[in-house]
Amino acid sequence: MSLLFRRASLASLGLAFGLSALSLSPLMAQDTARPTGRPAQPAAPVDPNAVVATINGQTLTEADLALAEGELSQQFAQMPPEQRRAAALSAAIEIKVMATQAVTTGLDKDPDFQRRMAFLQQRALHGEMVEKDVVDKVTDAEVRARYDQEIANTPPTNEVHARHILVKTKEEADAIIKQLDGGADFQKLANEHTSDPSGKTSGGDLGWFGPGQMVPEFDKAASALAVGKYTEQPVQTQFGWHVIKVEDKRTKQPPAFDAVKDQARQAVIRDKYIALVKTLRADAKVEIPDEKLKKTVDALENTK
């Protein structure tokens, strides 16, 4: 999902903490999981209010630890679960003691800090609204409908399965066409003469391709050929001279719903988000004194 839709992470708060838990000893870095011969027991339910640490009289709960572990998940991604929990707790303690010291020294009163915190609070609220009023309200029916709409709006694509023989000169290509006219085997000639490295052992096989996947000259010539036919005249491209044979043609099938449902879901989310923003912006009184800046912003908004 776009960063626009993510909640602000602890790292993005501008906190410069050491996270010494990331510098674990070699023993801690080793894999501590060993086979015991017994099946793993299901994890017991965790009480979110259970206290895991007390720092200067302030409690840090399981819920706080889960939040820290989630927000710092990228830093701890390569660690085993038990190490991630310890590293997250160590990081949370570091953050807590340094934040307390920052308040003691008055850093929380700094105007730049307060301005940044106000913005980050608004960004976090923005993220919560997107999650609750957009993402969580997308239904499976809407995702399926978006998929069906995209399929209906996509014109059929014709694909070609072709082989080619690539040579440096027109004279070489003419000689190959003459051999084909005499009944020579295309695949054998491709293996013997093509300068395309991938075609020397495949009989010049290019597989299936659709419009725009080949250079224009090659694409036009291959599309014009009937199945089983080869070019009567060599085709010149930036790579050299081609003799092309079309093995088959087909209409490309659309991707299955399960293969693209995540993209369809993201499209629904994007459309709902844009619609919500437009509604809220229409009701908001926005004034931009700088006329040049206002025109640029308006033009940007109109592209959404």
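The axes of helices H5 and H9 come within 8 Å and cross at roughly 105°, in a predicted model. Axes are lines fitted to C-alpha atoms, for helices over the stretch in contact, with angles from 0 to 180 degrees between N-to-C directions. H5 is therefore roughly perpendicular to H9 (under 35 degrees counts as roughly parallel, over 145 as roughly antiparallel, 65 to 115 as roughly perpendicular, the rest as oblique). On the H5 side the contact (heavy atoms within 4.5 Å) is made by Glu142, Val143, Arg144, Arg146 and Tyr147. On the H9 side the residues are Phe257, Val260, Lys261, Ala264, Arg265, Ala267, Val268, Arg270, Asp271 and Lys272. By class, this contact has seven nonpolar, no polar and eight charged residues; Ala, Val, Leu, Ile, Met, Phe, Trp, Tyr, Cys and Pro count as nonpolar, Asp, Glu, Lys and Arg as charged, and the others, Gly among them, as polar. Helices (H or I, at least four residues) and strands (E, at least two) are DSSP runs numbered from the N terminus.

Local features need pLDDT of at least 70 and side-chain atom pairs count only at pLDDT 80 or more, whereas totals for chains, interfaces and linings use all residues. Residues are numbered from 1 along each chain as its sequence is written, and side-chain values use heavy atoms, with hydrogens and water left out.

The count of aromatic pairs comes to two, where rings of Phe, Tyr and Trp (its six-membered ring) pair if their centres lie within 6.5 Å, and planes under 30 degrees apart count as stacked, over 60 as edge-to-face and the rest as tilted. Tyrosine 147 and phenylalanine 257 form an edge-to-face pair, at 5.3 Å centre to centre and 75° between the planes. This pair links distant parts of the chain, with tyrosine 147 in H5 (residues 140–153) and phenylalanine 257 in H9 (residues 257–283), 110 residues apart. Tyrosine 147 is buried at a relative accessible area of 10%, and phenylalanine 257 is buried at 19% (buried means under 20% relative accessible area, exposed over 50%, partly exposed in between, with a 1.4 Å probe and protein chains only). Arginine 144 lies over the face of phenylalanine 257, 4.7 Å from the ring centre. A charge sits over a ring if NZ of Lys or CZ of Arg is within 6 Å of the ring centre and within 35 degrees of the ring normal. Arginine 250 lies over the face of tryptophan 208, at 3.9 Å from the ring centre.

Helix H2 (residues 62–71) packs against helix H3 (residues 81–104) at an angle of about 100°, with the axes 9 Å apart. H2 and H3 are therefore roughly perpendicular to each other. Glu62, Leu65, Ala68 and Glu69 of H2 meet Arg84, Arg85, Ala88, Leu89 and Ala92 of H3. The contact of H2 with H3 has five nonpolar, no polar and four charged residues.

Threonine 231 lies in the loop between helix H8 (216–224) and strand S5 (235–237). This residue is buried, with a relative accessible area of 6%. Leaving aside neighbours within four places in sequence, threonine 231 is in contact with Ile177, Ala221, Leu225, His242, Val243 and Ile244. Serine 223, found in H8, is partly exposed at 40% relative accessibility. The C-alpha atoms of serine 223 and proline 211, twelve residues apart along the chain, are separated by 8.6 Å.

Asparagine 56 is placed in the loop between strand S1 (51–55) and strand S2 (58–61). Although not a glycine, asparagine 56 has a positive phi of about 50°. At 66% relative accessibility, asparagine 56 counts as exposed.
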